[in-house]
Amino acid sequence: MLFINFARIFLIFQMINRSKQNYSKSQFSLAKIYYLGKHVIENIKRALHYFQLGANHNNSYARYIMSIFYLEVKHITRDINNAIHYLSPAAEKISKKKNHQKIKSAKPKELTKQSKTKHGI
């Protein structure tokens with residue numbers, strides 16, 4: 001018995017449309033779907049296409065994945081320069097996010113202690 005999940009199909013079509021409008025999150029999500037073969041037939045060529053689109057639209061996770069592909073030689077030719085090209089901005093962006101999350105998750109007392117020591121109070 002063939003079961004068709006129309007909700008999934010609709011979601012994938014929405015992601016394709018958003019991807020065409022340069023939404024990097026949709027491009028990254030589509031890339032994962034094609035790479036893993038989730039709800040579609042696995043298609044590495046399409047996955048790489050969407051990872052690259054996401055990376056070119058500054059999606060840090062897509063940039064990271066592209067750098068790994070260029071280093072591992074699994075699906076594309078090894079190219080250290082391209083790996084560095086994709087990885088450098090991704091690492092910088094992720095690092096900034098982690099520092100922001102540390103500040104957000106800090107307790108108010110910790111923040112006041114930090115600000116007092118910085119200002120010499």
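Is N22 buried, partly exposed or exposed? Select N22 and show the surface: N22 is partly exposed, with a relative accessible area of 45%. On this scale, buried means under 20% relative accessible area, exposed means over 50%, and partly exposed is in between (1.4 Å probe, protein chains only).

Before moving on, some housekeeping. This is a predicted model, where local features need pLDDT of at least 70 and side-chain atom pairs count only at pLDDT 80 or more, while totals for chains, interfaces and linings use all residues. Residues are numbered from 1 along each chain as its sequence is written, and side-chain values use heavy atoms, with hydrogens and water left out.

**Zoom out**

Switch to cartoon. You have six helices and zero strands, running α-α-α-α-α-α along the sequence. These are DSSP runs numbered from the N terminus: H or I with at least four residues for helices, E with at least two for strands. Of the 121 residues, 25% count as buried. The chain's accessible surface is about 9,200 Å², and 57% of that belongs to carbon and sulfur atoms; areas come from the Shrake-Rupley method with a 1.4 Å probe, and for residues only the protein chains shown count as cover.

**Two loop asparagines**

Back to N22, in the loop between α1 (6-20) and α2 (24-36). Check its backbone: phi is positive, about 70°, although N22 is not a glycine. Now jump to N58, in the loop between α3 (44-56) and α4. N58 also isn't a glycine, and its phi is positive at about 65°. Its relative accessible area of 48% makes N58 partly exposed.

**A buried arginine**

Next, select R63 in helix α4 (residues 60-72). R63 counts as buried because its relative accessible area is 7%. Follow the side chain: it reaches the backbone oxygen of A55 at 2.8 Å. That is a polar contact, meaning a pair of N or O atoms within 3.5 Å; within protein, one must be able to donate a hydrogen and the other to accept it, and residues adjacent in sequence count only if both atoms are side-chain atoms.

**Into the core**

Colour the nonpolar core, i.e. buried Ala, Val, Leu, Ile, Met, Phe, Trp, Tyr and Cys residues joined through side-chain atoms within 4.5 Å. The largest one has 19 residues, and those with the most contacts inside it are I12, I16, L30, Y34, Y50, F51 and M66. Two or more residues come from each of α1, α2, α3, α4 and α5 (80-105).

Pick F51 and list its contacts (heavy atoms within 4.5 Å). Not counting residues up to four places away in sequence, F51 touches F28, A31, K32, Y35, A62, I65, M66 and F69.

Over in helix α2, select S26. S26 is buried, at 8% relative accessibility. Leaving aside neighbours within four places in sequence, its contacts are M15, R18 and S19.

**Last stop: the surface**

Select F6, I9 and F13, which form a nonpolar surface patch with about 340 Å² of accessible area together. F13 lies in helix α1 and counts as exposed, because its relative accessibility is 51%.

Methods:
Patch = residues over 30% accessible without salt bridge, like charges linked within 9 Å, V, L, I, M, F, W, Y side chains within 5 Å. Salt bridge = Lys/Arg side-chain N within 4 Å of Asp/Glu carboxyl O.
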